[in-house]
Protein chains: 2
Amino acid sequence: MKAQTLVRELFEKSETKIVMLVADGLGGLPMEPGGKTELETAHTPNLDALARIGTSGSSIPVLPGITPGSGPGHLGLFGYDPLEFRIGRGALEATGIGFELGPQDVAARGNFCTLDAAGCIRDRRAGRIPSEESVKVVNLLKQVRIEGIQVFVEPVKEHRFVVVFRGPNLEGAVADTDPQAVGVPPLMPMETLPGGKRTAMVAAEFVRQATEILSSQPKANGLVLRGFAAKPNLPSYLDLYGLRAAAIAVYPMYKGLAQLAGMSLVGKAQSLDDQVLELKKCWNEFDFFFLHFKYTDSTGEDGDFAGKVTRIEELDRMIPRITSLKPDVLVVTGDHSTPSLMRSHSWHPVPTLLVASQCRPDGCERFGERDCLRGGLGMFEAKHLMLLAMAHAGRLGKYGA
Amino acid sequence: MKAQTLVRELFEKSETKIVMLVADGLGGLPMEPGGKTELETAHTPNLDALARIGTSGSSIPVLPGITPGSGPGHLGLFGYDPLEFRIGRGALEATGIGFELGPQDVAARGNFCTLDAAGCIRDRRAGRIPSEESVKVVNLLKQVRIEGIQVFVEPVKEHRFVVVFRGPNLEGAVADTDPQAVGVPPLMPMETLPGGKRTAMVAAEFVRQATEILSSQPKANGLVLRGFAAKPNLPSYLDLYGLRAAAIAVYPMYKGLAQLAGMSLVGKAQSLDDQVLELKKCWNEFDFFFLHFKYTDSTGEDGDFAGKVTRIEELDRMIPRITSLKPDVLVVTGDHSTPSLMRSHSWHPVPTLLVASQCRPDGCERFGERDCLRGGLGMFEAKHLMLLAMAHAGRLGKYGA
């Protein structure tokens, strides 16, 4: 039996509140061997105080050594096995720009390209046309009409866009049309499974009309489509945990991921300060609150060690405002590590902290990678974190007699 | 491949002896934040000495956050994945009163109830009639005769009893007849899968005759049946591990669980002292010895922190008598935690100790929850403990060349 089947069987009603504060890319590395990580360098008196009364541990996002993207990273934290549930690239891209996918939708990522007179690809990124220009070209594509299908085309950045086909019997089983080479024409959309046939036909018709519309463009006179994917079918937080869940995030990607798990998007926060205000406002309406803090990841991606330290300290200062709401369970974690040293996501375990009245003390004195190694949660797979949160919230009954 | 398939493939003959001492509900919590747990408070010089020469760790009974009942808790310790093997409620209840289930049996839990003149339930527990009265009513039900079926009815406590149907083609796939409400009649037994049809018919006939027999009773004039279940099909210790296994327990529930795993019940011990005497007596006849100590759980359930400490010290004093037998492997663990603070089973990991000549030292100086966090067994799922015991006993061959 899977953990999700179990939790659905065992969850119990309660009035308790759970806050999950996700500092994106929280885990780090020292800049020199034996040094301190970003989190260990930061002055975090509030998080350290929580470490003393809570239980710490190290979360493995997917499997040891596996570096996750934002999708699998958050799926794990939300309790969905990231090896079982996959969010296709197209669906993730649509989610990331705030497009709310419906059950009849198939999304794909699009790249504008430059075709030569023979229809072969000369530039796979259409000279990386600027976003402003790309928006105009995308708008032209809104003229495409396909019978029985609604077509949405949305710009992303530079030469990239998203296309969503909405209609009956569409499936994501269609191969990329990007040949990953120049000097050859884009591939025809082809189904990879019989169920993708209708989508392949719809995509082919889209490409036909689009190529005609774009024919007079100097650079973006062609396109390729990649990562066809339907909305992933995730059981909702309410169904799975009996939790009314709120997502308080700034960036569309994380709002989208939360929405896929059936969370309600709350407020229009533009800063951590706004997010905590929103948390307070909606406190009585929900049982679970997902707060997403982006900047620990983006500073890490920039290789900005000092910046990441500053962002962690900013997060720390916000803690008393969250604890003043007296959540029954407060979890502080990340979806993966983003060491400034690597300027990228990494596979390293993520420092994690759980605070609740029935926490077993583990002797941890502060919140940091090395301390978490001695923590009472041990080293655990992220997908089990929600079980721990539910248990400490008194929301899980006993398994078996 | 599952661990059980692996161990069956790899086990080797040996003369070594393994003792598994299970202190039920061993793990605990401090009564005040940052304080000591029951085990940390107890004076345990013998266990501490073992911690210095053995390897310690923290056992997760099922999954992080999952609180097990006694059934799943023990299945894990015995090496059966508690998410794969489940003991149905009826089977566990029968096991708990010492009824030895056979392969043709289906057991159900029964509750006497009070019916009104129209046959609707007025009191779902028949006024919680005292056990002495219930025994008499249960005896009346022994008159029930069903063709081709043996019927056993056994009292449990107050309004509760167990019924076992024995005969060919019986399966547990029958829904509860308890409508979980008053003012409505009990439900008819209905199969939930086609295989349960014959059992449903047998149960219906039992209910028909029983209701007639009970019609003149003032309170217990009706009954409902719940948790229909056959004996779970567990591979035996001998088959799985090549171990001749003995169970030395005081309470029927734990004897029953051991018996389901194919262990032999040894002696009629009524105390830990008796148990150790029995252990000595049967030492040459078996390879594996399961000793169950109940009182660390029952004091925890009573919220009796000091009592639990005393019981742990009692257990500690018994250790030299066990080690004097020179077991090749001695495991001390629990099936789950029962913190006095919570007065119930909990999900917290269970302090565990393994002592053998090939233990890798881990620097642990005493046996307690915090120390175990730094132990060489790390944090592990209980279902893997038997693999460790077998390995340290020199009873597991190499996997692959």
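This is a predicted model: local features need pLDDT of at least 70, side-chain atom pairs count only at pLDDT 80 or more; totals for chains, interfaces and linings use all residues.

Colleague: OK, what RMSD do you get when chain B is laid on chain A?
Modeller: The RMSD is 0.1 Å, with a turn of 126 degrees and a shift of 0.1 Å along the axis.

Colleague: Why quote both a rotation and a shift?
Modeller: Because two copies of a chain are related by a rotation about an axis and a shift along it.

Colleague: And how many residues does each chain put into the contact?
Modeller: Chain B gives 30 residues and chain A gives 24 residues. On the chain B side, helix H4 (70-77), helix H5 (89-96), helix H13 (369-372) and strand S13 (378-381) supply at least two residues each. By class, that side of chain B has 16 nonpolar, 9 polar and 5 charged residues.

Colleague: Do the copies meet through different surfaces or the same ones?
Modeller: Different surfaces, because only 10% of the interface residues of chain B are also interface residues in chain A.

Colleague: Switching to the fold. How many helices and strands in chain A?
Modeller: Chain A has 14 helices and 13 strands. Its radius of gyration is 23 Å, close to the 21 Å that the globule rule gives for 401 residues, so chain A is as compact as a globular protein of that length. The C-alpha trace of chain A spans about 70 × 50 × 35 Å along its principal axes.

Colleague: What share of chain A counts as buried?
Modeller: 54% of the 401 residues of chain A. As for contacts in chain A between residues at least 6 apart in sequence, 72% of them join residues at least 24 apart.

Colleague: Where do the domains of chain A fall?
Modeller: The domain assignment gives domain 1 of chain A as 9-86 + 234-392, and domain 2 as 91-230. The C-alpha centres of these two domains of chain A lie 35 Å apart.

Colleague: How many residues of domain 1 of chain A are in contact with domain 2?
Modeller: 8 residues of domain 1 of chain A, against 6 residues of domain 2 of chain A. Helix H9 (residues 252-260) of chain A brings the largest share of the domain 1 side, 7 residues. That domain 1 side divides into 4 nonpolar, 3 polar and 1 charged.

Colleague: Now the packing. Which residues have the most contacts inside the largest nonpolar core?
Modeller: Phe290(A), Ala389(A), Phe290(B) and Ala389(B), in a core of 159 residues. Helix H14 (residues 385-392) of chain A contributes the largest share of this core, 7 residues.

Colleague: What is Ala389(B) in contact with, leaving aside its neighbours within four places in sequence?
Modeller: Ile18(B), Met20(B), Val329(B), Val331(B) and Leu354(B).

Colleague: Back to H5(B): how many of its residues are buried?
Modeller: 8 of its 8 residues. Among them are Arg89(B) and Glu93(B), along with Leu92(B). What covers the buried residues of H5(B) includes H4, strand S3 (105-115), strand S5 (150-157) and helix H9 (252-260) of chain B. Just after H5(B), Gly98(B) takes a positive phi of about 85 degrees.

Colleague: Where does each one sit?
Modeller: Arg128(A) lies in the loop between strand S4 (121-123) and helix H6 (131-141) of chain A. Arg343(A) is in the loop between strand S11 (329-333) and strand S12 (350-355) of chain A.

Colleague: Why does Arg128(A) count as partly exposed?
Modeller: Because it has 15 other C-beta atoms within 10 Å, and the partly exposed class sits between 12 or fewer for exposed and 20 or more for buried. Arg343(A) is also partly exposed, with 13 C-beta neighbours inside 10 Å.

Colleague: Last one: where is Ala204(B)?
Modeller: Ala204(B) is in helix H7 (residues 197-214) of chain B. Leaving aside neighbours within four places in sequence, Ala204(B) is in contact with Met188(B) and Pro189(B). Ala204(B) counts as partly exposed, with 16 C-beta neighbours inside 10 Å.

Note on methods
Residues are numbered from 1 along each chain as its sequence is written. Chains are lettered from A and ligands numbered from 1 in the order in which they are written. Two residues are in contact if their C-beta atoms, placed from the backbone, lie within 7 Å. Helices (H or I, at least four residues) and strands (E, at least two) are DSSP runs, numbered from the N terminus. Ala, Val, Leu, Ile, Met, Phe, Trp, Tyr, Cys and Pro count as nonpolar, Asp, Glu, Lys and Arg as charged, and the others, Gly among them, as polar. Copies are superposed by least squares on the C-alpha atoms of residues with pLDDT of at least 70 in both. The radius of gyration is taken over C-alpha atoms; the globule rule is 2.2 Å times the number of residues to the power 0.38. Domain bounds come from an automatic or database domain assignment. A nonpolar core is a set of buried Ala, Val, Leu, Ile, Met, Phe, Trp, Tyr and Cys residues joined through C-beta atoms within 7 Å.
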